[in-house]
Amino acid sequence: MSDAKSNGANTPGDGANGNGVNPEKDLGAANLPGMRGDHGEEIRVQRGMFGANNGGDTSGYGGLVRSVRLPGAATRPYGGWFDEVADELEGALEEQGLVPGNAIEKTVVDRGEVTFHIEREYLVAVAQTLRDDPALRFELCTGVSGVHYPGDKGRELHAVYHLRSITHNRVIRLEVSAPDADPHVPSLVPVYPTNDWHERETYDFFGLIFDGHPALTRIMMPDDWQGFPQRKDYPLGGIPVEYKGAQIPAPDQRRSYS
């Protein structure tokens, strides 16, 4: 693809995001928490403050009920340089003989940020294209984060990558999902070597298996630890704590309000 000049901005210059907010005209609204109303994709109805279902509610908010929604796919135009990046990425994939619609599940623009949801079998090809194409040049991946959405059936585990273009001063996000029954995604260490320890941490806490990682072992928890502590279905557990002479029971043994 041909090289392109950056506008030097980290937010799009025109157009509204997925919430109908123009981040340049209303930065305050763009940074509000995700109050999406009826928009987006509902993945669960949460009851209580934390949505725990392996014990009584200990927060005192057992009657709280809210819909948990993920932002839906955005429609063109995305706004500002978001469209430029999307066009360049799709064109570069086509030059490699790939069908962009097969590789990119959807594009989400939410709160002034753009996320490309990638089918996991295309993750390495997309990441390498974003790194190497002169018009894209996302040279730096600042890590991968795991997310667990038990209500997102068939894609409960998500891996989220933040990519930065030093050349063009832009930041985008890649997101890939995998089901609980098959928690495998390709490792990006061959493309972004600094992801090594980040992938180990995500495996350690969420159980995502990064195929092709040079040494995928636990990094924080003991090697013989059972389970993955940051998953939402992980037992609450805990130990009693002494505070100023009083014994505070473990979270799973505290008084239930429901």
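Contact here means heavy atoms within 4.5 Å. The model is predicted: local features need pLDDT of at least 70 and side-chain atom pairs count only at pLDDT 80 or more, while totals for chains, interfaces and linings use all residues. Residues are numbered from 1 along each chain as its sequence is written, and side-chain values use heavy atoms, with hydrogens and water left out.

Strands (E, at least two residues) and helices (H or I, at least four) are DSSP runs, numbered from the N terminus. Beyond residues up to four places away in sequence, Thr115 touches Lys106, Thr107, Val108, Arg173 and Glu175. The side chains of Thr115 and Arg173 make a polar contact at 2.7 Å. A polar contact is a pair of N or O atoms within 3.5 Å; within protein, one must be able to donate a hydrogen and the other to accept it, and residues adjacent in sequence count only if both atoms are side-chain atoms. Thr115 has 5% relative accessibility and counts as buried (buried is under 20% relative accessible area, exposed over 50%, partly exposed in between; 1.4 Å probe, protein chains only).

**View B. The open sheet of five strands, in the order 3-4-7-6-5.**
Pairing in this sheet is mixed. Strand 3 (104-110) and strand 5 (140-148) stand at the edges with a single partner strand each, so one side of each has no neighbour in the sheet. On average, neighbouring strands of this sheet are turned by 20° against each other, direction ignored. Two strands pair if DSSP finds at least two bridges between them; strands 3 and 4 do so in the antiparallel sense over six bridges. Thr115 in strand 4 is the bridge partner of Val108.

**View C. Helix 5 (residues 196-206) across strand 5 and strand 6 (157-165).**
Helix 5 runs at about 5° to strand 5. Axes are lines fitted to C-alpha atoms, for helices over the stretch in contact, and angles run from 0 to 180 degrees between N-to-C directions.

**View D. The aromatic pair Trp81 and Phe82.**
The whole structure holds two aromatic pairs. In the pair of Trp81 and Phe82, the ring centres are 4.6 Å apart and the planes stand at 90°, so the pair is edge-to-face. Rings of Phe, Tyr and Trp (its six-membered ring) pair if their centres lie within 6.5 Å; planes under 30 degrees apart count as stacked, over 60 as edge-to-face and the rest as tilted. Trp81 is buried at 1% relative accessible area, and Phe82 is buried at 1% relative accessibility.
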